[in-house]
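Okay, everyone, let's take a quick look at some charged side chains.

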Amino acid sequence: MTKPVNSARGIAADVTAGRTSAVETAEAALARIEAAKALNAVVTIDPARTLADAARVDDRLCAGETMSLAGVPIVVKDNIWASGWRVTQGSRLFADFVAPQDAVAIERLRKAGAVIVGIGATSEFACKGVTTSQLYGPTRHPLDPALTPGGSSGGPAAAVAAGLVPLAIGTDAGGSSRRPPAHVGVAGFKPSYGAIPYGPGFAEPFFGLSVIAPIASDVADIALAFEAMAGADPRDPDSALFARQAEDIDGMRMAFSPRLGLDVAVDDIVANALASTVDRLSAAGLRITRRDPVWPTGATEDAIMPLQHAGLAALYGDAFRKDPTIFDPDVAKQIERGLSWSGAEVAGALVASAAIANAFAAFLTDVDLLLTPTVPCVAWSLTQLGPDMIGGKPASPRGHAVFTPFVNHARLPAISIPCGTDPRGLPFGLQIIARRGQDRTLLGAAHQIEAMLQAC
């Protein structure tokens with residue numbers, strides 16, 4: 001599979017200038033998706049709808065309208081509403097659901113001229129660290145079909161990495177649009193909570209954690225998509241306006257934490273490459289110190305996981321009691337666990353979540369950016385929830401996910417950019433984290449760091 005000739009920026013420029021049309025661009029993307037069916041990254045297509053939407057973009061251009069994403073083909077994750085499209089959350093409960101309206105983010109992307117060419121695979125309810133579902137089966141890694149791209153935004157990430165589209169839209173409640181991009185070698189951005197309106201759409205089991213997250217081959221395309229989607233909307237009371245900030249990294253105070261201050265295992269190839277990356281950035285003139293956040297006692301992913309379990313139980317407990325077999329077995333276990341949590345235990349998870357957010361905020365009072373690994377390992381077998389070993393030690397099924405969830409609980413922006421590969425060519429990423437609301441500062445810094453790494 002080959003990558004598209006152009007970035008989202010290049011496609012928009014070509015379509016705007018009349019060097020190609022939105023319809024021709026959409027037809028080419030649909031052909032790539034058809035040729036890559038075995039990847040199972042795009043689970044729903046509707047060529048007639050796509051080409052009609054593309055024709056409307058061409059008509060708008062002819063009428064003199066200017067659009068920042070004119071004719072750019074996009075894949076949208078299978079848990080985000082796109083009007084008229086089958087959107088299932090990877091669940092047999094919603095196998096025939098057709099979105100009655102656009103989420104605000106999708107509405108804004110369409111206004112900017114983007115054209116939906118397909119719906120990208122997710123795990124059921126976006127609640128697994130791999131992308132597989134009872135409804136569609138597994139999504140495969142573009143570099144090795146025996147491996148997983150991770151999850152839950154594995155479909156959108158794989159679609160970008162395989163060159164099917166230059167831009168995809170995922171969601172991120174615990175790393176779902178940072179870890180898969182890291183595993184397949186592209187960039188994934190988790191905005192500040194509230195930076196991009198969330199919904200209208202499905203009820204969320206994640207209690208104020210999930211965000212709309214653009215995925216692209218580079219930071220500039222991510223920034224372009226972010227600007228099209230960002231900004232408050234009255235339909236989402238949590239959405240907010242964030243002012244434009246400085247985007248130059250000169251003088252920024254940066255910290256590097258190789259394990260995020262956690263007692264977790266990291267593969268040597270990842271740890272060594274991250275350390276080397278930081279050395280190169282320091283040599284290029286960045287002010288980076290070695291410093292770890294200090295977490296409150298008992299701050300672990302286990303401490304906050306009851307929120308996800310209880311959220312699933314609240315939404316789908318009745319359906320589970322009627323027929324547990326309709327669910328992915330791994331998700332069914334989460335629902336069953338959620339039904340068993342007491343109110344005090346769920347409240348305890350909320351307390352832990354708030355303590356993590358406060359600790360992160362304290363750390364970032366005198367640090368502008370925090371650099372960490374995005375993932376502690378490369379991609380693993382398609383048939384497993386996680387790798388058996390990480391850093392030479394037996395790994396739990398969530399051992400691959402250790403560096404991303406706390407960012408969601410702190411509601412901070414974070415981006416993963418590629419920073420290396422193992423001897424087999426399997427990628428991993430550098431995660432860059434900023435204060436809440438400093439999304440544009442983060443994107444500007446990430447763009448410059450990306451350029452520095454490419455130049456080294």
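This is a predicted model: local features need pLDDT of at least 70, side-chain atom pairs count only at pLDDT 80 or more; totals for chains, interfaces and linings use all residues.

Residues are numbered from 1 along each chain as its sequence is written, and side-chain values use heavy atoms, with hydrogens and water left out.

So, how many salt bridges does a search of the whole structure find? It finds 23, where a salt bridge is a side-chain nitrogen of Lys or Arg within 4 Å of a carboxyl oxygen of Asp or Glu.

One of them pairs Asp218 with Arg9, closest N and O atoms 3.0 Å apart. Those two sit 209 residues apart, Asp218 in the loop between β8 and α7, Arg9 in helix α1 (helices are DSSP runs of H or I, at least four residues; strands are E, at least two; both are numbered from the N terminus). Asp218 is buried at 18% relative accessible area, and Arg9 is partly exposed at 36% (buried is under 20%, exposed over 50%, partly exposed in between, with a 1.4 Å probe and protein chains only).

Next, Arg440 and Glu227, with N and O 2.7 Å apart at the closest. Arg440 is in helix α13 and Glu227 in helix α7, so the pair ties together parts 213 residues apart in sequence.

Last, Asp422, buried at 8% in the loop between β14 and β15. A polar atom of the Asp422 side chain lies 2.9 Å from the backbone nitrogen of Arg424.

Conventions:
A polar contact is a pair of N or O atoms within 3.5 Å; within protein, one must be able to donate a hydrogen and the other to accept it, and residues adjacent in sequence count only if both atoms are side-chain atoms.
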